Amino acid sequence: MENRYWRRRSFLKRSALATAAAACALDSGESAAAAETVIELSEDHVAAVNRRRRIVTQYDANNALGKDWKRWLDYRFSWIDEPGVQIDSVWWDIQPLLKGFYPTPPDSLIYQWPDEKTDIVARLIDETRKRNLEVFWTHRISEVDIKPPNTGGGWIEKPHPFKQAHPDWILDTWWPHGLWDLTNQEVRDHKVDLLRHVLETYPLDGIQIDFARHVPCLPVGRQWELRDHVTRLVGMVRVMALEVAEKKGRPILLAARVPRSLAGCREDGFDIQAWVEQGLVDILSLGSRSIEVDIEGFRKIVGKRPIKIQPCLDDHHAPDGYRCPPIEVFRGTFSKWWQQGADSMMTFNWASAESKWCEEMGGEVAPQSQLLAYREVGSPSSLESKDMTFVVERRGGYPWADGYFNQNKDSLLPKPLLDDQWAEVPLRIAVHRGMEKISLAIVLSGASEGDRFELRLNAVPMVLDSSDATWKDPQIFAPKPSPASGGRLERYKIDPKQRLLRLNFIVPADFELSAMNRVEIRQLPVEGQISPESVQVEKVELSLAY
């Protein structure tokens, strides 16, 4: 009898994907992608793909476990339960809570809870379903070996025993204990076994393969050459999920979190075109700590196929310079993504509750702007006529990768000003009408109060409204490089010796802005001399007020 999720002929060919057929395809010079058939999905599956997802929140719920798991559950659902919140789907990033499977820390606090018989994974999933929310399991493709919070945190001195037992499974890379090598068939088989166990054990709506944690997953310098190994893994997980879905009688979706651009995917060895053409994924989560996301590029590849595109914003390992920003920055970022054609919005590493409760539970403390964003950014209509700020992405702050993912290394800021030349900075926004005020702010390092600058917006000169030579920003560290992102918010402290210059320009309210704008700035000579210090553009921010 023909399977209702994929054609039998497709499954029979794909069953050999991880073994001889794929190897023969590579040996013959033919790509594994070309050797495969396209998975055809049922109407029920496509309907599940098309479920409403305004905001998808990915919660890393491994920390702040506490000793009272019932109170911990209330804490984890605190903001989800707030009135007006637009969260429709919760994706639990909780693999260390899964007993019996690596990489559960041997001394995890989970085993110290009074009721050791309680399956916390099951409780999290059940509580999510009770709220009529979609629930996913998200699998970190290559987790790092760290101590649980109750032991002081930090990385373990020796590789986990599982890694010690399988040294041939490990890539020698930036992490001292190595990361999983997806060119190894046994690694892929192990991951499929783990995810099969998860899907067979728990009533999940889907799973996400999260490549953000961590790259590389292929030998460095050969990622694109060896991309078919990742495609095989995605294909194996897809077929396994469909097998379990057939047994359970309901669809199980597959998502993948990939770099924010197609060029970045290529650098890390992710053949998105092959995944899309073969029907291997239902949802593509784009980026993690990026403000600029190539939604249009992915949309062009996806075309009319039933595959959803959702950009992701991490507010712990946040975009450099914008950790826990004001609500106006959240509004501007998500509004821009909606206008670019996103299907849903994804948050990662956001707080679960109010600050006092987070402090009590030892969890991430974040500003009220996150809760307000949960009530506003889930649709273009709920963002309409609200003040917002659009910013230009900055480099820096992410050393945990060999490759592209999360590093934002091709971002345009900081940008030096050279002699009296114009420095050009593209600025993407969401186009809105009816504003009472438009303002453009430039933050410079290395500049002094007496320095003079010219600015053009879309080739039109702008008039300086005010300047502030005493401006401070605890998230700018120039001339030093930005430190690694994350950690406690207390690390961002005002440096009384910091020298920044903020220039504020008023843009006419009827100024014709487009989705992509061009900001140009240059420094003018003072008494015939250019300032001897190196001046850099640190931030560019366009604000709309109603």
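The model is predicted, so I noted the limits: local features need pLDDT of at least 70, side-chain atom pairs count only at pLDDT 80 or more, and totals for chains, interfaces and linings use all residues. Residues are numbered from 1 along each chain as its sequence is written, and side-chain values use heavy atoms, with hydrogens and water left out.

**Entry 1. The open sheet**

I looked up how strands and helices are named: they are DSSP runs numbered from the N terminus, helices being H or I with at least four residues and strands E with at least two. Two strands pair if DSSP finds at least two bridges between them. β13 and β19 (residues 516-524) run antiparallel and are joined by 6 bridges. I then traced the open sheet of 4 strands, and its order is β13-β19-β15-β16 with antiparallel pairing. Its edge strands are β13 (423-428) and β16 (460-461), each of which pairs on one side only.

**Entry 2. The barrel**

Which strands close into a barrel? I read the order of the 8 strands as β1-β2-β3-β6-β7-β8-β9-β10, with parallel pairing. On average, neighbouring strands of this sheet are turned by 25 degrees against each other, direction ignored (axes are lines fitted to C-alpha atoms, for helices over the stretch in contact, and angles run from 0 to 180 degrees between N-to-C directions).

I went through some of the pairs. β1 and β2 are parallel, with 5 bridges, and Tyr59 has Trp92 in β2 as its bridge partner. β2 also pairs with β3 (residues 134-140), in the parallel sense over 4 bridges; Ser89 has its bridge partner in β3, namely Glu134. Further on, β7 (residues 253-258) and β8 (residues 283-286) run parallel and are joined by 4 bridges. There I noted Ala256 with its bridge partner Leu284 in β8.

I checked cover next, where buried means under 20% relative accessible area, exposed over 50%, and partly exposed in between (1.4 Å probe, protein chains only). β2 is mostly covered, with 6 of its 6 residues buried.

**Entry 3. Helix α4**

Which residues of α4 are buried? In this helix (residues 69-76) I found Trp69, Trp72, Leu73, Tyr75 and Arg76 buried. Seen down the axis of α4, the buried residues fall within an arc of 160 degrees, so they line one face of the helix. The arc is that of the directions from the helix axis to the C-beta atoms.

What do these buried residues of α4 pack against? I listed β1 (55-59), β2 (87-92), α5 (120-130) and α13 (355-361), where contact means heavy atoms within 4.5 Å.
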